[in-house]
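Welcome, and thanks for taking a look at this one with me. Here are a few notes to read alongside the structure.

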Amino acid sequence: TGRKAMVTSGPTQEPLDPVRYMTNRSSGRQGHAIAMALAKKGANTVLVSGPTNLTDPEGVIVRRVTSAVEMLAACKQELPVDIVVCAAAVSDWRVADPAAEKMKKNGTAPNLELTENPDILATLSQSGPKRPCLVIGFAAETSSVVDNAMEKLSKKGCDWIVANDVSVAANTFGGMENTVHIVDHNGIENWPTMSKESIGQLLADRISDYLNTNS
Ligand code: C5P
């Protein structure tokens, strides 16, 4: 209660031209569930979400964005926040120079040049005096889940990584359940497979305990 939380959720869409885009299979369910759980615990919660089919979680301010660049801009506008959870499946790349008009089929397939998108989690983790006191990222892995999460923790500069074992829960993308490991600088917690709502609630409890102890 009395804290401001920000959660990113959903996929991003990266335009090729005015009618086409690149995206990924994220449903937004896990991010939305976390935002709802944080709001229920009393945090002033903003959800910065890419396009999803989900209804807005109760008690949460929702900022809808489309691309990774827009998602980063919206997140920066919301700073300072106490807690940030980056659950969005941000597209790693965007088309460097999207066509202004619909591309026409003319017998030669277009050669699309891609450019890397900004890393929102890394940017927020390294945002200087405005850095949130707790920055949490996600990692979807199919092997060496914990080792990769440890590496991500230091590479991105965040405080906790929620590592999804996408090889255990084959339907993690778009599914109702998730299997996660919470990795922080003190070690690893292995959570059993449970609903994305339950993970949201347990994560909100853990965040609340951390803030009550550390700030
Ligand atoms: O590097 P990777 O995509 O595996 O990292 C996943 C984590 O980083 C997630 O928390 C995701 O929300 C975040 N991320 C981000 N911006 C990007 C890429 C990933 O915030 N451009």
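The points below go through the ligand, its surroundings and the pocket.

1. Please keep in mind that this is a predicted model. Helix H3 (120-125), strand S9 (134-141) and helix H4 (145-156) are the elements that give two or more residues to the shell around the ligand.

2. Which residues are around the ligand? They are Cys86, Ala88, Val90, Pro118, Asp119, Ile120, Leu121, Gly137, Phe138, Lys152 and Lys156. By class, this shell comprises 7 nonpolar, 1 polar and 3 charged residues.

3. A polar backbone atom of Cys86 lies 2.6 Å from an oxygen atom of the ligand. For Phe138, the distance from a polar backbone atom to a ligand oxygen is 2.7 Å, and for Leu121 it is 2.8 Å. The ligand exposes 450 Å² when taken alone, and the protein buries 83% of that.

4. Now to the pocket itself. The largest pocket has a volume of about 1,000 Å³. Its lining is made up of 41 residues, with Ala88, Ala89, Val90, Asp92 and Phe138 nearest the centre. The lining divides into 15 nonpolar, 17 polar and 9 charged residues.

5. Which element gives the most to the lining of the largest pocket? That is S9, with 5 residues. Strand S1 (4-9), helix H1 (29-40), H3, S9 and H4 each supply at least two residues of this lining.

Terms used:
Residues numbered from 1 in each chain as written. Predicted model: local features only at pLDDT ≥ 70, side-chain atom pairs only at ≥ 80, totals over all residues. Heavy atoms only, no water. Near = heavy atom within 4 Å. Polar contact = N/O pair within 3.5 Å; in protein donor to acceptor, adjacent residues only side chain to side chain. Areas by Shrake-Rupley, 256 points an atom, 1.4 Å probe, with all protein chains shown as cover. Helix = DSSP H or I, 4+ residues; strand = E, 2+ residues; numbered from the N terminus. Nonpolar A, V, L, I, M, F, W, Y, C, P; charged D, E, K, R; others polar. 1 Å grid on protein atoms, 1.4 Å probe; cavity = no way out; pocket = protein on both sides within 12 Å on 5 of 7 lines; lining within 4 Å. Points joined across faces, edges and corners; volume = space filled by probe spheres on them.
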